[in-house]
Amino acid sequence: MRVTFTENQGFRKELNKRVDAYFTENGIPTRDNFAMYLKTITILTWVIAAWLFVLFGPDIWWLKIIGCLVLGGGLAGIGFSIGHDANHGGYSSKKWVNSLLGMTYDYIIGTSSYLWRFRHNYLHHTYTNVLGYDVEIHGDGIVRMTPHAEHKWYHRYQHLFIPILYAIIPIYWSFSDVRSILFCNRFGEIKIPNPKPIDLFVLLSGKVVYLFWFIGIPLLVGYSPLEIAIGFLIAFMTYGVLACHVFMLAHVLEPAEFIQPSAANQIEDEWAIFQVRTTVDFAPKNAFLNWYLGGLNYQVVHHLFPQICHIHYPQIAPILAEVCQEFGVNYAVYPTLRGALAYNYRWLRQLGNKQSNFDLKLAS
């Protein structure tokens, strides 16, 4: 059943008006920006150069390991910046450009862009942190990310083993999306829309091309299966650790809220305010993270304006803060990456303890 948001305080209308005014007064486009084109070239060059170095660089094992780590960082950069904006329609005003660059998920990092757009763009962005709808916080029962999820005895140790899960998630994603689309056709109780033939072609051909880049070509140039497996794992586990931590820092920590709908499947709030309540920004003054994370450290801004290129998020954030203050809405921002990480792991540890304060509050 669709969740409805029952209130309209005018928050979103006022915010949109001021953001639109910012772009109009400065005469700049919301998408198709030179800075984004330059970043795309830089990240793709980074990935290609690292891949070539690992394959054809000096035959010194520790240099190969460093090359794989750098390659993993570049793959995460594609996910953060290029594919993310494109699959949201925030890269270009031209649909074919967004579609083409969105397929970097399929043909380079091995994740289905079709499935990602459904589970992330629709489910996560619409029903953020709502258990049963936002599948990004389900944790498949292995990790407890919301106080509304059932507690298991092993959750007591989740803050210790979760980095291992982060590392293997990209490899899990690359195969589970085929199972989800072709066989299961659903996330729990949520049905996945039937893909068009072109979507199935991209899904399957993407797996072939992605595996050819990282397994087929290394085999052809003479690397052993063991060497390929080690290199593949280092690169994609690096990508997984980086990508998953960034997602967690936006939603799975205090003061992000975990709101459940009423028995009538309603949330008594305006949708835009609900997004601010369930999301957190971090490290807004960190120039490198602002560039590398594709605006994902401005996650509140992103949830409200996913179709605006992330290049503009640092300029939109002060406008959002101003409107939040006027409407009495708490806009949560952690000033540093270290602080956000600390509170994320603190939250995971708290949820792992069955007798956490939040659990006792729910029980009462």
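Modeller: At 5% relative accessibility, aspartate 269 counts as buried. The cut-offs are simple: buried is under 20% relative accessible area, exposed is over 50%, and partly exposed is in between (1.4 Å probe, protein chains only). Before we go on, this is a predicted model, so local features need pLDDT of at least 70 and side-chain atom pairs count only at pLDDT 80 or more, while totals for chains, interfaces and linings use all residues. Residues are numbered from 1 along each chain as its sequence is written, and side-chain values use heavy atoms, with hydrogens and water left out.

Biologist: Good, let's stay with aspartate 269. Which side chain does aspartate 269 meet in a salt bridge?

Modeller: The general idea first: side chains of opposite charge can pair when their charged atoms come close. We call it a salt bridge when a side-chain nitrogen of Lys or Arg is within 4 Å of a carboxyl oxygen of Asp or Glu. Here aspartate 269 pairs with arginine 277, at 2.5 Å from N to O. The arginine end is partly exposed, because arginine 277 has 27% relative accessibility. Elsewhere, Glu14, Lys17, Arg18, Glu322 and Glu326 belong to one network, joined by salt bridges that share partners.

Biologist: How many salt bridges does the structure hold?

Modeller: The structure has 9 of them. Take arginine 18 and glutamate 326, whose side chains meet at 2.6 Å, N to O. When I number helices, I mean DSSP runs counted from the N terminus: H or I of at least four residues for helices, E of at least two for strands.

Biologist: Now a lysine. With which residue does lysine 207 form a salt bridge?

Modeller: Its partner is aspartate 177, with the closest N and O atoms 2.9 Å apart. Lysine 207 sits in helix 8 and aspartate 177 in helix 7, so this pair ties together parts that are 30 residues apart in sequence. On your screen, helix 8 runs over residues 197–220.

Biologist: Are lysine 207 and aspartate 177 buried or exposed?

Modeller: Both ends are buried. Lysine 207 gets that label because its relative accessible area is 12%. To see what surrounds a residue, list its contacts, meaning heavy atoms within 4.5 Å. Leaving out neighbours within four places in sequence, lysine 207 is in contact with Asp106, Gly110, Thr111, Ser112, Trp173, Ser174, Asp177 and Val178.

Biologist: How should I read the backbone? Where is the cis peptide bond with omega near 15°?

Modeller: Look at the step from glutamate 254 to proline 255, which is the cis bond with that omega. Proline 255 is in the loop between helix 9 (225–251) and strand 4 (266–267). In that loop between helix 9 and strand 4 you'll also find asparagine 265.

Biologist: What is the phi of asparagine 265?

Modeller: It is near 60°, a positive value in a residue other than glycine. Asparagine 265 is also buried, because its relative accessible area is 11%. Another case is asparagine 129, where phi is near 65°, again positive in a residue that isn't glycine. Asparagine 129 lies in the loop between helix 6 (113–126) and helix 7 (158–184). At 0% relative accessibility, asparagine 129 is buried too.

Biologist: Last one, the cysteines. How many disulfides does the count come to?

Modeller: The rule asks for a pair of cysteine sulfur atoms within 2.5 Å, and by it the count is 0 disulfides.
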